[in-house]
Structures are given as C-alpha cells and as structure tokens.
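This report covers the pockets, the salt bridges and the nonpolar core of one protein model. Please keep the sequence and the structure in view while reading.

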Amino acid sequence: MTITLQDVAGILGLPTDGTVVMGSTFEDWHAACAAVFGHVPEAGEFHHSGDLRISFLDRHYTRWTDHEGNHAAEIYFTKAHIARMLGTWLLADKSGGSNFGCRLVPLLGGGFEDIGRFSWGSAVLTHLFRNLCEVTDAR
C-alpha cells in the first residue's frame with residue numbers, strides 16, 4: 001500500500017495537474033521577499049541553509065485585523081499565510097516547521113490565479129516520498 005496522487009488530491013484538495021512546482025536556486029532573496037511579502041528580511045531571518053525563518057512572517061503577519069482594509073497588505077498577509085502553510089505543514093522539513101524554502105518564494109509572486117495553477121499536490125507527494133526515502137535509508 002502506498003499514498004497516491006489521487007489520495008493527495010482527495011484528502012488535501014490540492015491540484016494535481018498544472019505547472020510543475022520547481023523553485024529557483026539563484027535569486028536575490030531579499031528582493032523576492034520584498035515583492036511577495038512587502039518586507040525585506042533582516043540578516044538573522046534567514047537560516048544558514050538559505051531558508052527563510054517563519055518568524056519573519058510571524059513578525060509582520062500574525063493578525064488579519066492589523067491589515068484589514070488595506071488591500072495590498074491583505075494580499076501580502078494571504079501570501080504569508082500560504083507560505084506558512086507550505087513551510088509548516090505541506091512541505092515541512094526537519095526544522096519542525098520553523099523555516100520556509102526560499103526557492104518557493106518566487107512561486108507566490110504572481111496573482112492568486114497564478115499560484116493556483118501549480119500542481120501543489122504533486123509537489124507534496126514528491127516531498128513526502130523524498131523524505132520517506134531519507135528516513136528509511138537502510139545503510
């Protein structure tokens with residue numbers, strides 16, 4: 001028995017067709033974060049692996065009511081919430097959900113229609129299988 005793409009689509013409701021989720025490895029991460037989240041991370045808000053700390057998002061986007069009525073800030077808040085879900089739940093790593101892969105930041109840069117065109121279900125299943133392989137290495 002194994003988890004299939006159909007399972008991911010049915011259980012999580014994520015799209016399994018669409019553009020492949022592939023993050024860039026060569027970006028000006030400060031500029032990318034500023035464009036997507038409206039704030040530039042400070043030096044300590046990047047993990048040594050190059051990931052963005054979730055605390056950066058928490059510092060700026062914790063309560064919706066702080067941004068209510070400001071359309072641009074509401075968009076930044078929503079993208080920060082999507083990033084938080086990806087980093088802490090759907091594509092979590094061994095950091096325990098305290099980091100978000102910077103390579104995914106540019107994928108959140110477009111409009112919400114663009115973000116919805118990615119095959120997030122395929123990315124989640126791939127991430128799951130990769131991590132299962134890493135923890136079951138029988139060497």
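## Largest pocket

Helix H4 (71–90), strand E2 (99–100) and helix H6 (120–135) each give at least two residues to the lining of the largest pocket. Helices (H or I, at least four residues) and strands (E, at least two) are DSSP runs, numbered from the N terminus. The model is a predicted one, in which local features need pLDDT of at least 70 and side-chain atom pairs count only at pLDDT 80 or more, while totals for chains, interfaces and linings use all residues. Residues are numbered from 1 along each chain as its sequence is written, and side-chain values use heavy atoms, with hydrogens and water left out.

The volume of the largest pocket is about 790 Å³. Of its 27 lining residues, Leu91, Arg103, His127, Arg130 and Asn131 lie nearest the centre. H6 supplies the largest share of this lining, seven residues. By class, the lining holds eight nonpolar, 13 polar and six charged residues. Here Ala, Val, Leu, Ile, Met, Phe, Trp, Tyr, Cys and Pro count as nonpolar, Asp, Glu, Lys and Arg as charged, and the others, Gly among them, as polar. A pocket is an open set of points on a 1 Å grid over the protein atoms alone, where a 1.4 Å probe fits, with protein on both sides within 12 Å along at least five of seven lines; lining residues have an atom within 4 Å of a point. Grid points are joined across faces, edges and corners, and a volume is the space filled by probe spheres set on the points.

## Second largest pocket

The second largest pocket has a volume of about 230 Å³. Its lining includes Ile3, Asp7, Trp89, His127 and Asn131. Helix H1 (5–12), H4 and H6 are the elements that give two or more residues to this lining. Nine of the lining residues are nonpolar, two polar and one charged.

## Salt bridges

The structure contains five salt bridges, each a side-chain nitrogen of Lys or Arg within 4 Å of a carboxyl oxygen of Asp or Glu. In one of them, glutamate 42 pairs with arginine 59, with the closest N and O atoms 3.7 Å apart. Glutamate 42 lies in the loop between helix H2 (29–37) and strand E1 (52–53) and arginine 59 in helix H3 (residues 54–60), so this pair ties together parts 17 residues apart in sequence. Arginine 59 also forms a salt bridge with glutamate 45, at 2.8 Å between the closest N and O atoms. Glutamate 45 is buried, at 8% relative accessibility, whereas arginine 59 is partly exposed at 42%. Buried means under 20% relative accessible area, exposed over 50%, and partly exposed in between (1.4 Å probe, protein chains only).

Arginine 130 and glutamate 134 form another salt bridge (3.6 Å, N to O). The two residues are four apart in helix H6, which separates them by about one helical turn. Arginine 130 is exposed, with a relative accessible area of 54%, and glutamate 134 is partly exposed at 49%. Elsewhere, salt bridges with shared partners join Glu42, Glu45 and Arg59 into one network.

## Nonpolar core

The largest nonpolar core has 31 residues, and Phe37, Leu86, Phe100, Leu108 and Trp120 have the most contacts inside it. Such a core is a set of buried Ala, Val, Leu, Ile, Met, Phe, Trp, Tyr and Cys residues joined through side-chain atoms within 4.5 Å.
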